[in-house]
Amino acid sequence: MNSHSTNTSVYTNTNRFVETLATSFWPLFIAAFILIFTGIGLRDPWPADEPRFALVAKEMVETGQWFFPARAQELYPDKPPVFMWAIAIFYWLTGSVRIAFLMPSALCGLLTLFLTYDIAKRLWSKKVALMAGWLLLFSFQFVLQAKTAQIDATVTAWITLGCYGILRYSLVDGKYRWYALAWVFMGVGVITKGVGFLPMLMLIPLLFYRYKAKTANNVVAYPMWTWFAGPFIMLGTIALWVVPMMVIVAQSDSAAFELYRDNILLKQTVTRYADSWHHVKPAWYYVTSVIPVFWLPLSLMIPWLVKPWIASFKALDPRIILPLTWVVLVIVFFSISPGKRGVYIFPALPMLVLAVAPYFELLLKKAGLRRLLFGLVSLLSFGLIAFAVLGLMDVNAVSKLADKIEISPWYFFLCVGLISTLGLIYALVKNTWFAWPVFFTALWMTYSTYGYVLRNEVSTPISIYENAQQYVSDDAEIALLRFSEQFILFSPYPVYHFGYHTPLEEQLKAAYQWQSNERRYLLIEDELIDPSCFDMASVIDLGFAHRRHWILLPQDAKKPTCEYPPSELPVYFYEHK
């Protein structure tokens, strides 16, 4: 009797939970807008990638040179220009780097969410579509990327558009414009970040399905040859950027432009994938180190979905076969390459959501999954509170963390922990499934406000330049050696450098020659100084930033006995307008 009552209560609460989420698109959209856009304007670009893209975009607007990205006059060939163009447009519109640099990722996050919702509605139902939207919104990596100025949120939107087009063409209405649109955005994805072609991998499970399901209804009425037009549509889209770039390079008679062309077309695509020179990880890296954490809470649901997925494959349901097989192919594709970063597989997340959402009501009834998710939130909530209390009590083992990250996050941890603990109590009364949304919302809303303000100063070199202004005049000039882009972006002085990839020894030689008058200073890490050429007693200590010790070298620190030969390196210059 008691057991039956308990099961009935759980079932009733589960239905209420579903009905609460699956009522309308507008609560989903409003929640997404608040989660993603809260904090824009409260922080500056942070390393490693954000200052680089913000600087390139700002320089585009200030110099009028939009076609070839550059950082302080030196061409930047690591990525195609589309993402920098997007930031530059918002900077041109607003005049604020703080607003502009996060807008493309935020808007593309909303676009990805809508596309996932819309294709799920067309393949399944509005209820499944809303479940898909909420699952994606409360996935850790989705919000992380939507609130970060990396390229991945933008390229994920284009890749999702590609998948959307293929799914809608082949499974929904058979209208060729969706198939063509898919290839157009694959091309846009390629000139945003080289992997934009990934939706074409969905053709593999599609061919398998069409071969096996010979009696299935086929909504596509176009002849076979039209399928092969797709790659040409993609190449035509890519050519809109590549052809003018090649023409300009050919007419420039510039070694720098030719190096840009060769780098962007070969080294940053084929070579980066096949023979990566950084971020080298083992083949199982994504499965063991990325998916379990960054795809929460979906990663916890996968064990309960294996049987339903297998049943769908046996029933030849293309609505599961296509997105789920594509997710596996994307993970395999990136696992083959020796270079791996967690953000690389982010484009697979929306399609995984599409394969999970149809079974969400089934998952809601799984007591083991409910307990696991509730237990995880409890562990995180109580852990944050305990960590905060120990930090406030200045327990040495914990306070070392504050020294390492250069901030005291204890009140931040305490705030998130207390709010999510209240959420746990509410979840126990109403439904344990509310635990994760409450924790997730508390984490991101607190981080996007208090956390941004707390972290901003230590994640930028602003304090370094404030210290420098105590010792040098406003008309001083700064040369950077082995620099990061944030030191150009935040500099109140005209900045010189000698090439981002130039060996340090060559930079030191060039800097020694450049420092020809008392207005010129060298900004450098203390451990990089050559004591045979610079007098350590004359350095100006600027303090620490990014866990490095920075100093200024005035002209009188130069030793006349240094035997540096004249340097032939180009000198790059940038001054904010």
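1. Exposed means over 50% relative accessible area. Asp 253 has 70%, so Asp 253 counts as exposed. Keep in mind that this is a predicted model. Asp 253 sits in the loop between H12 and helix H13 (255–274). Its backbone deserves a look. Phi of Asp 253 is near 55°, a positive value in a residue that is not glycine.

2. Arg 482 belongs beside that point. Phi here is near 45°, again positive in a residue other than glycine. Arg 482 lies in the loop between E3 and H24. With a relative accessible area of 41%, Arg 482 is partly exposed.

3. Next, the cis peptide bonds. One joins Pro 47 and Ala 48, with omega about 10°. Ala 48 is in the loop between H2 and H3. Another runs from Leu 296 to Pro 297, where omega is near 0°. Pro 297 is in the loop between helix H14 (285–294) and helix H15 (298–314).

4. On to charge pairing. The count of salt bridges comes to 19. Arg 43 pairs with Glu 50, and their closest N and O atoms are 2.7 Å apart. Both Arg 43 and Glu 50 are buried.

5. Which residue forms a salt bridge with Arg 52? The partner of Arg 52 is Glu 485, with the closest N and O atoms 3.1 Å apart. Arg 52 lies in helix H3 (residues 50–63), and Glu 485 lies in the loop between strand E3 (477–480) and helix H24 (486–489), so the pair ties together parts that are 433 residues apart in sequence. Arg 52 is buried, and Glu 485 is buried too.

6. Asp 317 and Arg 319 also meet through their side chains, in a salt bridge of 3.1 Å from N to O. Arg 319 has a relative accessible area of 27%, so Arg 319 is partly exposed. Shared partners also build a network of salt bridges: Asp 49, Arg 52, Arg 71, Arg 341 and Glu 485 are joined into one.

7. Now a helix pair. Helix H9 (residues 152–172) and helix H17 (residues 349–356) have axes that come within 9 Å and cross at roughly 45°. H9 is therefore oblique to H17. From H9, the contact uses Thr 156, Thr 160, Cys 163 and Leu 167. From H17, Pro 350, Met 351 and Leu 354 take part.

8. What makes up the nonpolar surface patch of about 420 Å²? Trp 26, Ile 30, Phe 33 and Ile 34 make the patch. Ile 30 is placed in helix H2 (residues 25–37). The relative accessibility of Ile 30 is 46%, so Ile 30 counts as partly exposed.

9. Last, Leu 240. This residue lies in helix H12 (residues 230–252). Leu 240 counts as exposed because its relative accessibility is 66%.

Terms used:
Residues numbered from 1 in each chain as written. Predicted model: local features only at pLDDT ≥ 70, side-chain atom pairs only at ≥ 80, totals over all residues. Heavy atoms only, no water. Patch = residues over 30% accessible without salt bridge, like charges linked within 9 Å, V, L, I, M, F, W, Y side chains within 5 Å. Areas by Shrake-Rupley, 256 points an atom, 1.4 Å probe, with all protein chains shown as cover. Salt bridge = Lys/Arg side-chain N within 4 Å of Asp/Glu carboxyl O. Helix = DSSP H or I, 4+ residues; strand = E, 2+ residues; numbered from the N terminus. Buried < 20%, exposed > 50% of the residue type's maximum accessible area, 1.4 Å probe, protein only. Axes fitted to C-alpha atoms, helices over the stretch in contact; angles between N-to-C directions. Parallel < 35°, antiparallel > 145°, perpendicular 65-115°, else oblique. Contact = heavy atoms within 4.5 Å.
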